[in-house]
Amino acid sequence: EKLIALSHTEVVVQVNGKRRGSITLAVDAAEEDALVAAKALPTIAAILGGNEPKRVIYVPGRILNLVVPR
């Protein structure tokens, strides 16, 4: 039986711990790539309002959490 290597995966995007969307990335995507893809989502762009997140927590292949001041 052959194992199929996945080249892309769905990463959940959260803002302050709440799910706000998801992005499809390469399995080995860097944090910078994940951040660029997340900022392209309309909901994330609206929440950030052009500002940078205070902190970025990225677990490759699973989750991207952006911490923004309220």
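Predicted model: local features only at pLDDT ≥ 70, side-chain atom pairs only at ≥ 80, totals over all residues.

Reader: In which element is N65 found, and is N65 buried or exposed?

Author: N65 is found in strand β4. Its relative accessibility is 14%, and because buried means under 20%, N65 counts as buried.

Reader: Which residues is N65 in contact with, leaving aside its neighbours within four places in sequence?

Author: There are two stretches to look at. N65 is in contact with Q14, V15, N16 and G17, and also with R55, V56 and I57. One of these, N16, takes a positive phi near 50 degrees in the hairpin of β1 and β2, which has 2 residues between the strands.

Reader: What may be said of Q14 and its surroundings?

Author: Q14 has its place in strand β1 and is buried, with a relative accessible area of 17%. Apart from neighbours within four places in sequence, Q14 is in contact with R19 and R20, as well as with I63, L64, N65 and L66.

Reader: How should I read the way in which strands are put together?

Author: The general idea is that strands of a sheet pair through backbone hydrogen bonds, either parallel or antiparallel. In this model, an open sheet of 4 strands has the order β2-β1-β4-β3, and its pairing is mixed. β2 and β3 stand at the edges with a single partner strand each, so each has one side left without a neighbour in the sheet. From one strand to the next, the twist averages 20 degrees.

Reader: How many bridges join β1 to β2, and do these strands run parallel or antiparallel?

Author: β1 and β2 run antiparallel and are joined by 8 bridges. Among the bridge partners in β2, T24 is that of E10, and I23 is that of V11.

Reader: How does one read the two sides of a helix?

Author: An α-helix has 3.6 residues a turn, so residues three or four places apart point the same way. In helix α1, which covers residues 31–39, the residues A34, L35 and A38 are buried. They cover an arc of only 100 degrees around the axis, which puts them on the same side of α1. E32 and V36, on the other side of α1, are exposed.

Reader: Which elements do the buried residues of α1 pack against?

Author: They pack against the strands β1 (8–15), β2 (18–26), β3 (55–59) and β4 (63–67), and also against the helix α2 (42–48). α1 lies across β1, β2, β3 and β4, and runs at about 120 degrees to β2.

Reader: How many salt bridges does the count come to, and which residue forms a salt bridge with K39?

Author: The count comes to 1 salt bridge. K39 forms it with E52, and their closest N and O atoms are 2.7 Å apart. K39 lies in helix α1 and E52 in the loop between α2 and β3, so the pair ties together parts that are 13 residues apart in sequence.

Reader: May we close with the chain as a whole?

Author: Of the 70 residues of the protein chain, 29% count as buried. Along the principal axes, the C-alpha atoms fill a box of roughly 50 × 20 × 20 Å. Among contacts between residues at least 6 apart in sequence, 39% join residues at least 24 apart.

How values were computed
Residues numbered from 1 in each chain as written. Heavy atoms only, no water. Buried < 20%, exposed > 50% of the residue type's maximum accessible area, 1.4 Å probe, protein only. Arc of directions from axis to C-beta. Contact = heavy atoms within 4.5 Å. Salt bridge = Lys/Arg side-chain N within 4 Å of Asp/Glu carboxyl O. Pairing = 2+ DSSP bridges. Axes fitted to C-alpha atoms, helices over the stretch in contact; angles between N-to-C directions.
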